[in-house]
Amino acid sequence: MSRRKKRNQNFELTPLQRDALRHLGGPADYTLLYGGSRSGKTFVLVYALLVRALKAPGSRHAVLRWHGNAARQAVWMDTLPKVMKCAFPELRVENNRTDGFLRLDNGSEIWFAGLDEAESPDRILGREFATLYFNECSELNYSAVSLALSRLAQKTSLKPRGYFDCNPTGKSHWTYLLFVEKIDPVSRQKLIFPDNYFAMQLNPDSNRANLPPDYIEKTLAGLPERERRRFLEGRFSDDLEGALWSYSLLEQCRIDRDRLPVMTRTVVGVDPAVCSSPDADNTGIVVCGSGADEKFYVLADCSCRGRAEVWAEQAVRAYRKYNASKLVCEVNNGGELFEHLFQRMGLDVNFHPVRAVKDKYARAEPAAALYQRKLVRHAGIFPELEEEMCSYVPGHFSGSPDRMDALVWALHELALSPVGNRWITA
């Protein structure tokens with residue numbers, strides 16, 4: 001069956017998606033589609049990727065996120081079937097769930113994987129590809145992206161291309177620097193070949209025909225200002241004045257897991273939610289360690305939403321996995337009940353209750369000072385935690401920064417311990 005017969009000739013992209021498709025096939029090697037939530041970015045990028053795979057038999061393509069399971073759930077199992085049903089209803093594919101790829105009937109393959117070092121990205125990066133699609137770039141580490149781009153080298157009839165998408169975050173994020181400012185995110189120098197990078201904005205208003213009624217007015221328009229700029233208006237934000245962290249600072253503090261030193265001490269910080277209703281806050285659960293090099297390391301964000309028994313078990317799993325010496329738990333809203341909870345559930349941990357006497361911002365300042373002094377490293381990328389860190393300013397933040405609070409408690413515990421011959425006070 002020919003490629004033309006496989007494509008649904010009655011299917012139409014939105015006008016803005018058609019414009020995006022034209023740019024995806026344009027002169028730039030790398031194209032970023034950024035904008036608000038449900039704006040059709042992922043749909044048109046998956047469409048373009050399928051067109052390329054059909055055009056070049058035997059070609060290889062990849063959809064990459066920070067965690068491979070997110071790429072499989074969001075794209076392989078959600079967006080891809082929708083695109084195939086609408087645009088390629090007669091296309092049949094062979095799914096290889098074990099190895100993480102699907103094969104089209106012309107022999108082309110589409111792989112789905114994560115760039116987190118814990119997921120052994122070498123398994124996929126040992127191959128060469130004609131297309132690399134980086135989904136949800138706000139979650140991705142630029143060094144991991146740069147490494148993956150070295151595999152954009154498969155020789156086919158296609159021009160090798162890198163596709164990117166994101167809901168924009170701060171202007172210090174590497175996507176803004178690279179695609180909008182045309183600046184190398186590492187050297188901060190102007191790009192030698194700026195025309196190789198193209199960015200286009202797509203917002204949900206242009207995709208109304210494919211959205212539930214009132215989704216824009218009732219869901220997105222009602223968000224707090226910062227979230228509304230990101231998810232409705234699709235705008236990159238200036239670094240928030242008064243925030244203790246910025247994305248550029250966190251990028252400088254990142255380290256690959258295979259370069260971690262030996263941990264001399266590890267703790268789990270916990271900031272419990274007050275209630276467990278469906279719309280309740282998360283319980284922040286963050287694992288931090290002291291390295292043999294006298295620096296501190298953020299090792300995991302295990303935060304979750306649920307009743308007390310759920311987050312308690314989650315915290316203990318993290319405690320055991322990382323061989324922690326102490327579980328530091330804020331007890332302002334639970335008092336001794338939390339410690340009794342662990343005892344009643346038979347969860348054997350060294351429980352250390354802490355009580356907040358300062359507001360969240362004041363508590364976080366000593367932890368932020370450690371980052372400024374380059375004493376903290378993030379072992380990978382933690383999107384939700386880092387969003388809270390870069391967004392929290394009293395009076396301008398909706399909800400509660402539970403992950404940030406848990407991080408602060410963990411670093412506070414570690415930083416108040418002697419490190420070498422000195423004391424670091426938080």
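Of the 426 residues in the protein chain you have open, 54% count as buried, where buried means under 20% relative accessible area, exposed over 50% and partly exposed in between (1.4 Å probe, protein chains only). This is a predicted model, in which local features need pLDDT of at least 70 and side-chain atom pairs count only at pLDDT 80 or more, while totals for chains, interfaces and linings use all residues. Residues are numbered from 1 along each chain as its sequence is written, and side-chain values use heavy atoms, with hydrogens and water left out.

**The whole chain**

Start with a cartoon view. The protein chain has 15 helices and 17 strands; these are DSSP runs numbered from the N terminus, with helices (H or I) of at least four residues and strands (E) of at least two. Of the contacts between residues at least 6 apart in sequence, 72% join residues at least 24 apart, a contact being heavy atoms within 4.5 Å.

**Stop 1**

Axes here are lines fitted to C-alpha atoms, for helices over the stretch in contact, and angles run from 0 to 180 degrees between N-to-C directions. Show side chains to see the contact: Gln17, Ala20, Leu21 and Leu24 of H2 meet Phe43, Val44, Leu45, Tyr47 and Ala48 of H3. The crossing of H2 and H3 is right-handed; a crossing is right-handed if the near helix is turned clockwise from the far one by less than a right angle, and left-handed if anticlockwise.

Keep H3 (residues 41–55) and bring in H4 (residues 68–87), which packs against H3 at about 70 degrees, with the axes 10 Å apart. That angle makes H3 roughly perpendicular to H4. This crossing, too, is right-handed. On the H3 side, look for Thr42, Phe43, Val46, Tyr47 and Leu50; among their partners in H4 are Val75, Leu80, Met84 and Cys86.

**Stop 1: the cysteines**

Cys86 is partly exposed, with a relative accessible area of 35%. Next, select Cys137: is this residue buried or exposed? Cys137 is buried, at 0% relative accessibility. The model has zero disulfides, a disulfide being a pair of cysteine sulfur atoms within 2.5 Å. For Cys137, the nearest cysteine sulfur is that of Cys166, 6.0 Å away.

**Stop 3**

Select Tyr34, in strand S1 (residues 30–35). Tyr34 is buried, with a relative accessible area of 16%. Leaving aside neighbours within four places in sequence, its contacts include Lys41, Cys166, Pro168, Met200 and Phe236. Glu136 lies in the loop between strand S6 (131–134) and helix H6 (142–149), and its phi is near 55 degrees, a positive value in a residue other than glycine.

**Stop 2: Glu294**

Glu294 has a positive phi of about 70 degrees, although it is not a glycine. You will find Glu294 in the loop between strand S11 (284–291) and strand S12 (296–301). Glu294 is partly exposed, at 32% relative accessibility.

**Stop 3: Ala56**

Move to Ala56, in the loop between H3 and strand S2 (60–65). Ala56 is buried, with a relative accessible area of 3%. Beyond its neighbours within four places in sequence, Ala56 is in contact with Asn106, Ser108, Thr156, Ser157 and Leu158. The C-alpha atoms of Ala56 and Leu158 are 6.8 Å apart, for residues 102 places apart along the chain.

**Stop 4: helices H14 and H15**

Finish with H14 (residues 383–391), which is largely enclosed by the rest of the structure because seven of its nine residues are buried. Among the buried ones are Pro383, Glu386 and Cys390. Glu384, Leu385, Glu388 and Met389 of H14 meet Asp402, Arg403, Met404 and Leu407 of H15.

How values were computed:
Angles under 35 degrees count as roughly parallel, over 145 as roughly antiparallel, 65 to 115 as roughly perpendicular and the rest as oblique.
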